[in-house]
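Please open the model in the viewer and keep the selection tool at hand.

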Amino acid sequence: MTTSVVWFRRDLRLHDHPALTAAQADGDRIAPLFVIDERLQAGRFRSANRLWFMRGSVSALATALEVRGAPLSVLRGDPSEVVPAFAAAVGAGRVVASRDYTPYGRERDDRVAAALGRRGIAWGTFPGLLIHEPEDVDTANGRPFRLFGPFQRAWLERPERDILAAPDAIAGVGTVHGRRVEDLLEAIRPSADPALLPAPGEDPARERLARWAASRALDRYATDRDRLDLEGTSRLGQDLRWGLISPLDVGERCAGLGEGRRRFLSELAWRDFYAHLLWHEPRLARTSFRPSLDQVAWEHDPRVIDAWRTGRTGYPVVDAAIHQITASGWMHNRARMIAASFLTKHLGVDWRVGEQFFMKHLLDGDPASNNGGWQWAASTGTDAQPWFRIFNPTLQAIRHDPDGAYVRRWVPELARLSRDVIHAPPPGAYIAPIVDPREARARALTAYRDASRTH
């Protein structure tokens with residue numbers, strides 16, 4: 001028998017895992033590997049919440065692999081050094097992994113492939129993190145889409161691959177050349193409240209998917225998805241981000257009749273869209289999609305930024321959103337839009353400041369989706385809201401939290417206020433608003449207009 005290393009990264013599951021299935025189909029012995037990448041540990045998007053969730057999910061994966069006959073080896077270090085050395089130690093002829101689409105992931109995989117090649121070890125990547133690959137959804141002239149509407153129509157027309165079953169048994173190499181994740185990654189305390197965090201691992205994730213797919217909330221998704229005061233969203237973001245569930249499986253189990261299910265499937269298309277966009281335009285990790293809007297004269301007042309980061313802006317719905325993300329590692333998507341629009345349009349702060357803050361706290365912090373969402377809110381991205389469209393946070397709150405339940409939960413000092421005033425408390429009842437909405441709107445329009453004219 002030959003040996004293949006299956007390198008797990010953002011695909012911490014056994015169900016519908018094309019790289020694992022391909023290695024088994026060739027009759028190979030399997031040497032499962034997970035690498036704690038030190039560059040990601042210390043990066044600007046480092047998150048105690050995601051490290052905690054990753055550690056638990058890797059531990060669950062190790063248990064699932066061990067009972068099937070292939071214990072997981074966990075190593076720490078630079079993947080371009082660790083992976084080839086591990087492959088050589090187990091006598092592997094190739095290393096396979098699920099494809100990564102981020103700029104760092106591509107650069108890392110190029111280094112690993114080159115190092116493996118110098119040792120005569122093959123390298124191969126497989127789908128598994130998206131429903132469709134970036135090369136498979138393009139325009140009639142073979143170019144990538146820049147607008148979501150045409151992208152989604154082409155995306156829906158593409159045939160999907162078959163969903164693969166989890167293996168009952170795996171022929172392992174018999175020797176573990178690494179450590180347990182618990183030994184190499186110290187017990188991490190999340191910055192969020194542990195009582196508010198979902199259980200990590202594939203089995204809990206699949207249970208969450210089953211509940212969502214069978215819920216009435218899914219059928220009401222089209223109307224309830226924007227309501228801040230309802231449990232109207234799937235809460236599967238962290239499970240998709242870490243590959244605990246397959247996006248193909250999510251799409252298949254949640255498909256069906258009705259606008260709610262159709263609208264939910266469009267969110268999976270948005271997820272692919274942003275991943276494809278970052279694949280085709282790696283510069284977006286650092287720069288605006290619209291070059292003219294990289295010329296916006298952003299404000300850099302630390303006092304203002306700190307007020308937003310700590311939920312002390314004086315706008316209850318914005319502050320509630322910040323308290324939600326810091327306490328739970330998650331923020332409702334409508335709240336993300338409101339908080340992001342407020343930071344960039346009302347406070348005039350660079351969208352990259354907010355992007356980094358979200359990535360610090362979100363369990364589902366994904367480089368492509370988070371970047372796409374922030375550029376959408378800041379009007380710097382493709383298919384974004386026009387720069388002259390500026391959310392009024394108070395009106396947004398009245399529309400999407402009509403009784404004030406969301407604000408009462410996350411800003412408890414306002415719990416006794418009535419629905420008539422909770423979103424715009426009278427003087428003395430709450431912090432004074434940090435900015436006047438009319439003045440903020442006027443400044444934002446001037447800043448964006450000047451940037452466009454300069455370009």
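Select K345 and Y448: the charged end of K345 sits over the ring of Y448, 5.6 Å from the ring centre. The model is a predicted one.

Next, select R235 together with W330. Here R235 lies over the face of W330, and the distance to the ring centre is 3.7 Å. Keep R235 selected and turn to its backbone: although R235 is not a glycine, its phi is positive, about 60 degrees. The residue belongs to the loop between helix 10 (221-224) and helix 11. Is R235 buried, partly exposed or exposed? With a relative accessible area of 27%, R235 is partly exposed.

Select the loop between helix 18 and helix 19 (393-400) to find S379. S379 is buried, its relative accessible area being 0%.

Now display the aromatic side chains. How many aromatic pairs does a search of the whole structure find? The search finds 22. One of these is formed by W52 and F53, a tilted pair with 6.3 Å from centre to centre and 45 degrees between the planes. F53 is buried, with a relative accessible area of 0%.

For another pair, select W270 and F273. Their ring centres are 5.7 Å apart and their planes stand at 80 degrees, so the pair is edge-to-face; the cut-off for that class is an angle over 60 degrees. Both residues lie in helix 13 (residues 259-280), and because they are 3 residues apart there, about one helical turn separates them. W270 is buried, and F273 is buried too.

To colour the lining by element, select helix 6 (148-157), helix 11 (237-241), helix 13, helix 16 (333-346) and helix 18 (367-378), each of which gives two or more residues to the lining. Helix 13 provides the largest share, 9 residues. Coloured by class, the lining shows 17 nonpolar, 10 polar and 12 charged residues.

The last stop is the second largest pocket, with a volume of about 900 Å³. Select L40, F45, Y104, R241 and P367, which are the closest to its centre among the 36 residues of its lining. Elements that each supply at least two lining residues are strand 1 (3-8), strand 2 (29-37), helix 2 (38-41), helix 3 (48-67), helix 5 (103-118), helix 17 (351-361) and helix 18. How do the residues of this lining divide by class? They divide into 18 nonpolar, 6 polar and 12 charged residues.

Definitions and conventions. Residues are numbered from 1 along each chain as its sequence is written. This is a predicted model: local features need pLDDT of at least 70, side-chain atom pairs count only at pLDDT 80 or more; totals for chains, interfaces and linings use all residues. Side-chain values use heavy atoms; hydrogens and water are left out. Rings of Phe, Tyr and Trp (its six-membered ring) pair if their centres lie within 6.5 Å; planes under 30 degrees apart count as stacked, over 60 as edge-to-face and the rest as tilted. Buried means under 20% relative accessible area, exposed over 50%, partly exposed in between (1.4 Å probe, protein chains only). Helices (H or I, at least four residues) and strands (E, at least two) are DSSP runs, numbered from the N terminus. A charge sits over a ring if NZ of Lys or CZ of Arg is within 6 Å of the ring centre and within 35 degrees of the ring normal. Ala, Val, Leu, Ile, Met, Phe, Trp, Tyr, Cys and Pro count as nonpolar, Asp, Glu, Lys and Arg as charged, and the others, Gly among them, as polar. On a 1 Å grid over the protein atoms alone, a cavity is a set of points where a 1.4 Å probe fits but cannot get out, and a pocket is an open set with protein on both sides within 12 Å along at least five of seven lines; lining residues have an atom within 4 Å of a point. Grid points are joined across faces, edges and corners, and a volume is the space filled by probe spheres set on the points.
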